[in-house]
Amino acid sequence: MKARRNKDIEEHFGWMKLKTDQLGFLGIIHSVNRFYDSLQGSQTKELRYFRRKLVRTDLRYSKIFMKKFGDYEYLIYARIETEGKSESDSWIHVDGIRMERDEMKAKGVKNHPSYEIRCLSDIFESSCVPASKSEEDKINSDCS
């Protein structure tokens, strides 16, 4: 599925809240988790504990925010809230799928598997809305 780039979203430099396609986002995180788990000498599993928990958590209890800060780089902030308890984490995601698409397009390649894979940039462009001021304040206090 191809998403059209939304220039209004790309020009917004604040935090964006994932409003729809949470399953698509979690599918990407699950794939990244599996990739890192397969590498020898990768980060310890404890450092990825939160991301594994996020993938297993009921969507009603999680909130996901993104901030784009480069052509392919995103700062991700996620929070899980259950029974009066709140956990959060943030990390950087580099969208290698979008990068590959852009490289193939620049080379004139019209048929490449990367065109058919839903990537984080697609989700960011089509499924996010600007975060509210109170949401941004909460993120900033958690991340400082």
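A residue is called buried when its relative accessible area is under 20%, exposed when the area is over 50%, and partly exposed in between (1.4 Å probe, protein chains only). The model is predicted, so local features need pLDDT of at least 70 and side-chain atom pairs count only at pLDDT 80 or more, while totals for chains, interfaces and linings use all residues. Residues are numbered from 1 along each chain as its sequence is written, and side-chain values use heavy atoms, with hydrogens and water left out.

Cys143, at 40% relative accessibility, is partly exposed. Cys119 is buried, with a relative accessible area of 1%. The structure holds zero disulfides, a disulfide being a pair of cysteine sulfur atoms within 2.5 Å.

Tyr115 is in the loop between helix H4 (96-106) and helix H5 (120-127); helices (H or I, at least four residues) and strands (E, at least two) are DSSP runs, numbered from the N terminus. Tyr115 is buried because its relative accessible area is 8%. Its C-alpha atom is separated by 9.1 Å from that of Met104, eleven residues apart along the chain. A polar atom of the Tyr115 side chain lies 3.2 Å from the backbone nitrogen of Lys105, and the backbone oxygen of Val109 lies 2.6 Å from a polar atom of the Tyr115 side chain.

Terms used: Polar contact = N/O pair within 3.5 Å; in protein donor to acceptor, adjacent residues only side chain to side chain.
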